[in-house]
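Please take a moment with the model shown here before reading on.

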Amino acid sequence: RVIAIGDLHGDYGRYIDVMESAGLINKSGKWIGGKTHLVQTGDITDRGADSRKIIDHLVKLAKQAKKKGGYVHLLIGNHETMNVVGDLRYVSDGEFQAFATRNSPRLQNMQWDRQVEWMKANVPDFENLDMDAYRLEWEKTVPLGWVEHRSAWAFSGQYGKWVKGNQVAIQINDTIFLHGGISEKYCKFSLQSLTEQVIAAMENYDPSITTIMDDPWGPVWYRGLAREEESNEVFSQTLDNILTRYGAKRIVIGHTTTGGVVWPRFDQRVVANDTGIANHYGAHKGLLELTSEGATAIYGDKRIPLPKNNDEREDYLRAVIEVDSNNAQLKQRLARMLAPPVETPVDSTDGNSAGKSGEADEAVAKPIP
């Protein structure tokens, strides 16, 4: 039995909810999943306040699961890489506060002293700056807990080492799991090589160079499997070739939110599994279960088998809407599904619908100065 859970984005309460609904933990938060393999496909961090709390719990849970014959696989998402290399745009105030201690004011002052020394050497007209006003603005970027957060997420720190010990992509039975997806650009590499390359890119990070770590076609950023038109025969054949290359039946991805539904694409050769569990994305409950019986979506206490073919998705979506009747996004998805096809002109430009377009929060990761 394999349970796959998508992006959590710092929402500990919703994380506990879906773990309980999957039968993996009891009310005390202890592992009761037996020999189940849990796969969390990345993006535990950012948006919410409790990334640290979720990670710490999963690390403990991994030890408990191993004793019972189970396994906890924690994969690297783009937000984990962003934290490691110092792109902190989506780190919430609560995240920094989780690292704050009684020593934080002293550490913040030490960081300020370093900042002032750098400014003296590099900022023209430094003597005329209003340093009191500048300090107030600076503290918005470097709040209490910031120094400890950066220390912990450095590769030599607690969470940097944790990221370094995780995988980018894994295969269990006939299914590949990863955060973004496998594109034609990177499918020539083994799954282990994808991990090794992303780790190396983080270790040798240079914001002026695009690497596999922040490439829109790379495994932690790629969106083609979630967004490409399923009628695209060339893309569909490429997907078949990728699956054949790895000896897999399907690819399970996170990264691109579905609005609350575990969504099979390309006749279940792809399963989009970022249902938007965190409050930031709607507090949805969907997750994926794979057994010898097939693929099932779990929504709270409801279990709905995933359709194997695209032409069966209407009934499946209607069943999900019955469970989540207030979800406007699902109703809009159904309306789009039932609408007559609209002919669109072919775009001859290389716009890469597979990349990171359409979401301002998902621009190529660049560090805050």
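Among contacts in the chain (heavy atoms within 4.5 Å) between residues at least 6 apart in sequence, 70% join residues at least 24 apart. This is a predicted model, in which local features need pLDDT of at least 70 and side-chain atom pairs count only at pLDDT 80 or more, while totals for chains, interfaces and linings use all residues. Residues are numbered from 1 along each chain as its sequence is written, and side-chain values use heavy atoms, with hydrogens and water left out.

The secondary structure of the chain consists of 13 helices and eleven strands, where helices (H or I, at least four residues) and strands (E, at least two) are DSSP runs numbered from the N terminus. The radius of gyration, taken over C-alpha atoms, is 22 Å, close to the 21 Å that the globule rule (2.2 Å times the number of residues to the power 0.38) gives for 369 residues, so the chain is as compact as a globular protein of that length. Along its principal axes, the C-alpha trace spans about 70 × 55 × 40 Å.

Turning to the interior, buried residues make up 53% of the 369 residues in the chain; buried means under 20% relative accessible area, exposed over 50%, and partly exposed in between, with a 1.4 Å probe and protein chains only. A nonpolar core is a set of buried Ala, Val, Leu, Ile, Met, Phe, Trp, Tyr and Cys residues joined through side-chain atoms within 4.5 Å. The largest such core has 93 residues, of which Leu58, Phe177 and Tyr316 touch the most other members, and its largest share, six residues, comes from helix H9 (residues 191-203). A second, separate core of eleven residues includes Leu88, Val91, Phe96 and Val116.

Helix H7 (residues 146-153) is largely enclosed by the rest of the structure, because seven of its eight residues are buried. These buried residues are Trp146, Val147, Glu148, His149, Arg150, Ala152 and Trp153, and they pack against several helices, among them H2 (51-67), H5 (104-122) and H8 (158-164).

Arg47, in the loop between strand S2 (37-40) and H2, has a phi near 75 degrees, a positive value in a residue other than glycine, and Arg47 is buried, with a relative accessible area of 17%. Gln268 lies in the loop between strand S7 (263-265) and strand S8 (270-272); its phi, near 65 degrees, is also positive, and at 8% relative accessibility Gln268 counts as buried.
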